[in-house]
Amino acid sequence: MPGDEASTPAPSGPPAPQVARAPQGPPTAHAPQAAQALPAPLVRAEQFIWLTARVLEQRRFAFHFLGGEADLVDAALGAYLGGDGGYGHALDPDLRGPLSQPLHTAHALRVLDSLGRCAGQRIERLCRHLTGVSTPDGALPLVFPPPRHYPSAPYHPVRDDPPGELLTTGPVVGLLHRNRIWHAWLFRATDFCWERVENLRRPHPYEVRSAVAFLDGAPDRARAAAAADRLGRLVREQRLVVLDPARRAEYPLPPGYAPDERLFAYDYAQRPESLARSWFTDEEMGRSLDFLAAEQQPDGGWPVLRPEWAPGSSLERRPIATLEALLTLRAYGRPLTGVSRPGPAHPR
């Protein structure tokens with residue numbers, strides 16, 4: 001499963017005022033209860049981020065919501081950069097160990113895209129890395145077979161000769177195209193994505209998300225719109241999306257998923273300009289966003305619905321899910337109380 005958080009381009013203009021925080025003072029035994037009583041979702045989420053998140057997610061939260069510096073996010077991301085130009089070190093919490101992996105690449109590109117820094121020699125070197133690790137059809141596998149065993153989520157099987165996957169290739173290609181990157185690696189990888197997307201018949205939900213990530217960045221907008229229209233009808237016909245959260249138990253659960261791991265309208269259309277937004281009526285999207293807002297937990301974070309397989313991975317995933325939820329809610333204009341920056345549209 002690819003990494004999860006929604007990309008938001010770097011805002012322009014001077015930093016806006018910082019979000020209002022709860023009064024500071026010496027810690028007391030009643031501090032957790034007081035934090036739970038705070039009405040502002042963003043204030044509660046901020047406390048959760050400082051309490052639980054990695055440095056990268058702390059700095060991303062500060063950048064998106066507190067007027068923080070892009071350079072600090074960039075520096076934190078650099079800690080995950082490998083000598084081969086790829087990214088590793090559990091940047092995506094589902095793959096542990098130092099090795100560069102496609103899921104880490106997709107995660108890194110989302111971060112760079114949100115900073116407006118998906119360009120330059122760093123991306124050129126990354127594309128050279130992708131060229132050297134691609135499958136014979138020019139795509140990226142789900143997981144590269146490591147020279148030694150490093151822990152990974154059981155739903156990411158490691159194979160000796162892994163095939164190319166839309167799950168990993170789609171988001172990487174889509175983000176590179178959306179940032180107008182041109183590199184020889186993209187030609188065959190783009191053809192691979194078109195072939196897979198236009199021939200999907202019975203996909204699983206996360207594969208559809210990766211298809212949307214590709215289509216939202218594909219340069220041929222007319223072709224992308226046509227492919228998205230067909231895919232949206234397929235998603236509804238096969239009930240791959242929960243259209244009524246109040247009746248979510250009635251929707252089929254894909255094999256191998258966690259008990260509550262169903263996808264909603266906001267999972268596919270993470271921003272209103274996504275091609276997937278046209279798949280849903282205003283009422284359906286509104287219900288899903290109401291449900292997303294209500295999913296904030298008493299500690300200020302959002303839950304992770306995928307299967308738990310390691311304590312560290314689960315702990316690191318929740319701040320990422322929290323950032324994703326906040327960015328999606330803000331993109332749709334949902335009040336978070338104290339948001340310091342508007343949600344700009346993606347450049348085209």
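Select α7 and α9: their crossing is left-handed, a term used when the near helix is turned anticlockwise from the far one by less than a right angle, whereas clockwise would be right-handed. Helix α7 covers residues 166-178, and its axis lies 7 Å from that of α9 at an angle of about 20°. This angle makes α7 roughly parallel to α9. Angles under 35 degrees count as roughly parallel, over 145 as roughly antiparallel, 65 to 115 as roughly perpendicular, and the rest as oblique. Axes are lines fitted to C-alpha atoms, for helices over the stretch in contact, with angles from 0 to 180 degrees between N-to-C directions. Helices (H or I, at least four residues) and strands (E, at least two) are DSSP runs numbered from the N terminus.

Show side chains on both helices. On α7, the contact (heavy atoms within 4.5 Å) involves Leu 166, Leu 167, Gly 170, Pro 171, Val 173, Gly 174, His 177 and Arg 178. The α9 side consists of Tyr 206, Glu 207, Ser 210, Ala 211, Ala 213, Phe 214, Asp 216 and Gly 217.

This is a predicted model, in which local features need pLDDT of at least 70 and side-chain atom pairs count only at pLDDT 80 or more, while totals for chains, interfaces and linings use all residues. Residues are numbered from 1 along each chain as its sequence is written, and side-chain values use heavy atoms, with hydrogens and water left out.

The crossing of α8 and α9 is left-handed. Thr 190, Cys 193, Trp 194 and Val 197 of α8 meet Ala 211, Phe 214 and Leu 215 of α9.

Next, pick Arg 209, which lies in helix α9. Is Arg 209 buried or exposed? Its relative accessibility is 14%, so Arg 209 counts as buried; the cut-offs are under 20% relative accessible area for buried, over 50% for exposed and partly exposed in between, with a 1.4 Å probe and protein chains only.

Now select Leu 176. Together with Trp 185, Leu 215, Tyr 268 and Trp 279, Leu 176 touches the most other members of the largest nonpolar core, which has 90 residues. Such a core is a set of buried Ala, Val, Leu, Ile, Met, Phe, Trp, Tyr and Cys residues joined through side-chain atoms within 4.5 Å. Leaving out residues up to four places away in sequence, Leu 176 touches Leu 109, Cys 118, Ile 123, Cys 127, Ile 181, Trp 185 and Leu 186.

Two loop residues follow. Ala 90 sits between α4 (70-78) and α5 (102-115), with a positive phi near 60°. At 6% relative accessibility, Ala 90 counts as buried. Arg 239 is in the loop between α10 (221-237) and α11 (265-268), and its phi is near 55°. At 36% relative accessibility, Arg 239 counts as partly exposed. Most residues other than glycine have a negative phi.

Finally, show the protein chain: there are 13 helices and zero strands. Of its 348 residues, 55% are buried.
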